[in-house]
Amino acid sequence: MENRLIATSSPHIRSHDSTTSVMLDVVIALVPALIASIYFFGMTAAVTVALSIGSAVGTEALIQKITRQRVTINDLSAVITGLLMGFNLPPTTPWWLPVIGSFVAIAIGKQVFGGIGNNFINPALAGRAFLVASWPVQMTAWVNPGSVDTVTAATPLALLKGSPENLQPLIDVVLGRIPGSLGETSAILLLIGGAYLLYRKVISWRIPVAYIGTVALIAFITTDFNLTYTAYHIFGGGLMLGAIFMATDYSSSPVTNKGKILFGIGAGLLTMIIRLYSSSAEGVTYSILFMNVATPLIEKYTAPRVFGTGGVRK
Amino acid sequence: MNKVGLTFKGGIHPPHHKDRTENKAIEIAPVPKEVVIPLVQHIGAPCEPVVKVGDYVKVGQLIGEAKAFVSAPIHASVSGTVKKIEKRPSPVGARINSVVIATDGEQAIHESIVPKGKLEDLSPDELKTIIKNSGITGMGGAGFPTHVKVSPPQDKKIDLLIINGAECEPFLTSDHRVMLEMPDKIINGTRAIMKALNVDKAIIGIENNKPDAIKVIKEAVKEFPDITVAELRTKYPQGGEKSLIYAVANKEVPSGGLPMDVGVVVQNIGTVVAISNAIETGMPLVERVVTVTGSAVKEPKNLMIKIGTSFKDAIDFCGGYSEELGKLINGGPMMGIAQYTDEVPIIKGTSGILVLNKLDSVPPDPTNCIRCAKCIHGCPVYLQPLMISKNSLLGRFDEAEAYNAMDCIECGICSFVCPAKIPLVDSIRMAKKEIVEKRKKSEGVKG
């Protein structure tokens, strides 16, 4: 035969999914919360998120150019890191905070370890932890929605810890009309985004359900079975953003089904320990980072049972 | 997506692509000018040629004798003159000693071909002998000699026969057409195997994307209460032996074990028909139904075709190539083997010839694993393909073995679903090969 045939090994057909299509789904799922963020906190929210994304994508491209790797910014993973970084900043943030945060997230949180798929911690949370440690004042300058650069306000979780009599109405908490990080406040829109990701099979239910369920259970018990306070714990902080979008990061969470459940329970437990017993009102960031580090160990002990090795009767 | 029907855990729903041929009746392909019949078409020992260059042979005549137990004899599919006995490319990879016959078009039938009598009059041992002497092998792809499967060791009690009519590979419709057009042969063959195995229960499993076949076979089994039809959920790899047994009998074949370890024997639809023919007419396995399909063939068809016909002749009979050829596959797109030439013969295990254009053939560019775990969720034997592949590529074959690489059935799901387009099966196969080598070596040291 004159023309050469392609002789690769099976399978000879592939699914239409690609890394980019998966990441695009995550971006789509974050759009409602982004719109809410701009609606509640104004154009500064848009500028902050834009700077954050720009810095993340720019850093990734720059590092890949310098180290002579294939530039993979088209896979949109840096866009997600930038989006999540921006979502984790307070509305009054100075312009350089998102830029530094995303730089640290991509450079130290991701590229140092080999880029996409190899980061053992969530890059955006690594960036956030760095910012909180370095500029604690700017990172906790919460304001009420619609009143940017005015008086600082307390988040529901801070009020829950200090003066629960001043808590915002629960409906505002669910909708997102409360002080908090840019993207974390609208619980309902984050849930809609999560539902989309479940429908598209981008994430499994296991981590979010185990995580939120554990927080709910502990909150319910420790608030003397007060459903209202429990609801504030669930909707009032960074739990929705963390449980649906951060804890489910593929690279830094377990690949096994049982492992995902354990990961969620562990993150929920740590979140509530920090919220209840530390000086900080919120604990989502550090609990996820801690569980990220535990992921290889969790995977080791939660390997699936191989077909034909017990379980079902012969 | 339908949720009806028996099934297994894991698996995927690849596009079917069966519409090209599923409604086309089986056509009888003309006898080609020349056939090339490999002397190994099965898993097991090669056959010894019993003809010489220049000999005149007739249809059904023995040309390759099986000397070992795990082997299956080879017969002439045409009448004509033996031209050469030499190594030729085979669709399963290596160059294999083959008998090349120039056909005379007479299709004179060999004197040894006589009906074997009624099923009622044949003993289980006689049936096994007929199956063995007719060169019948598994026709779903792997090609394990059938007489070995129907002769389990004394300590393995077989209580269920499953006939595999799942045909879960996309594109392929040969079993589908056989079920529609030859239901009586399927019943006869099934009853013959039941008798040979001494089992009183048989189940014919059919995926529910073939409702017409389910209807026809249900009708055909009406008067045989010991044969039933199981409707299977359409999901790949429903026709994989382990997945099929799990779906139909709710039993897991033990890791490293065989279906007979759970008292089950599985036979493919084509194999069952071949057995029926061998008893009724005495004709050994010399022809089969092959689906010729894909994006680069003019008129996709289901062909009844002589073993030894070249892929090229089969494609020419389907109108030839419709555009520049990219890939030529023996079998289906999930587990089939890509060929480097169209001068390879159709063998007993060729269920389909997939002809793909350039566009469908270009392998995608792999990128980093993003650990999405789609390969884990799809794996029908519950492995962690990403872990095996990673360790294999790093040369850490002991770790790959610890992740149960040897349980991989190479169904191709992990590579199919991977959004990063990583050819996971390739590296898992590599690990399996290394592990087998290592085990052989350590056995050698012990011995």
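In chain B, six strands make up an open sheet of mixed pairing, ordered β1-β14-β13-β17-β15-β16. Strands here are DSSP runs of E with at least two residues, helices are runs of H or I with at least four residues, and both are numbered from the N terminus. Two strands count as paired if DSSP finds at least two bridges between them. The edges of this sheet are β1 (27–28) and β16 of chain B, each with a single partner strand, so one side of each has no neighbour in the sheet.

The model is predicted: local features need pLDDT of at least 70, side-chain atom pairs count only at pLDDT 80 or more, and totals for chains, interfaces and linings use all residues. Residues are numbered from 1 along each chain as its sequence is written, and chains are lettered from A and ligands numbered from 1 in the order in which they are written.

B:I329 has B:L354 of β17(B) as its bridge partner.

Helix α3(B) lies across β13 (287–293), β14 (301–306) and β17 of chain B, and runs at about 125° to β13(B). Axes are lines fitted to C-alpha atoms, for helices over the stretch in contact, and angles run from 0 to 180 degrees between N-to-C directions. Six of the eight residues of α3 (residues 174–181) of chain B are buried, so this helix is largely enclosed by the rest of the structure. The buried residues are B:S174, B:D175, B:H176, B:R177, B:V178 and B:M179. A residue is buried if 20 or more other C-beta atoms lie within 10 Å of its own, exposed if 12 or fewer, and partly exposed in between, with C-beta atoms placed from the backbone.

A further open sheet in chain B has four strands in the order β2-β8-β7-β4, with antiparallel pairing. Its edge strands are β2 (34–38) and β4 (56–57) of chain B, each of which pairs on one side only. Strands β7 (residues 80–89) and β8 (residues 95–103) of chain B pair antiparallel over nine bridges, and B:K87 has B:N97 of β8(B) as its bridge partner.

Helices α1 (residues 124–133) and α4 (residues 183–197) of chain B have axes that come within 8 Å and cross at roughly 120°. That makes α1(B) oblique to α4(B); angles under 35 degrees count as roughly parallel, over 145 as roughly antiparallel, 65 to 115 as roughly perpendicular and the rest as oblique. The crossing of α1(B) and α4(B) is left-handed, a term used if the near helix is turned anticlockwise from the far one by less than a right angle, with clockwise giving right-handed. B:P124, B:L127, B:K128 and B:I131 of α1(B) make the contact with B:A192, B:K195 and B:A196 of α4(B). Residues are in contact if their C-beta atoms, placed from the backbone, lie within 7 Å. The residues of this helix contact comprise five nonpolar, no polar and two charged. Ala, Val, Leu, Ile, Met, Phe, Trp, Tyr, Cys and Pro count as nonpolar, Asp, Glu, Lys and Arg as charged, and the others, Gly among them, as polar.

The contact between the chains takes 54 residues from chain B and 37 residues from chain A. On the side of chain B that touches chain A, β15 (325–330), β16 (337–339), α13 (413–417) and α14 (424–446) each supply at least two residues. β15(B) gives the most to that side, with five residues. The residues of that side divide into 31 nonpolar, 13 polar and ten charged.

B:T137 is placed in the loop between α1 and α2 (146–149) of chain B. B:T137 counts as buried, with 29 C-beta neighbours inside 10 Å. Its contacts beyond four places in sequence include B:Q41, B:H42, B:A72, B:K348 and B:G349. B:T137 and B:L285 are 148 residues apart in sequence and 8.5 Å apart in space, C-alpha to C-alpha.

Most residues other than glycine have a negative phi, and most peptide bonds are trans. The table lists backbone exceptions.

| Residue or bond | Feature | Angle |
|---|---|---|
| A:S10 to A:P11 | cis peptide bond | omega near 0° |
| B:Y236 to B:P237 | cis peptide bond | omega near -5° |
| A:R68 | positive phi | phi near 55° |

A:P11 is in the segment before α1 (19–41) of chain A, and B:P237 is in the loop between β11 (227–232) and α6 (241–249) of chain B. A:R68, in the loop between α2 (43–66) and α3 (77–87) of chain A, is exposed, with 6 other C-beta atoms within 10 Å. B:N404, in the loop between α12 (397–402) and α13 of chain B, is buried, with 22 other C-beta atoms within 10 Å.

Note on methods
Two residues are in contact if their C-beta atoms, placed from the backbone, lie within 7 Å.
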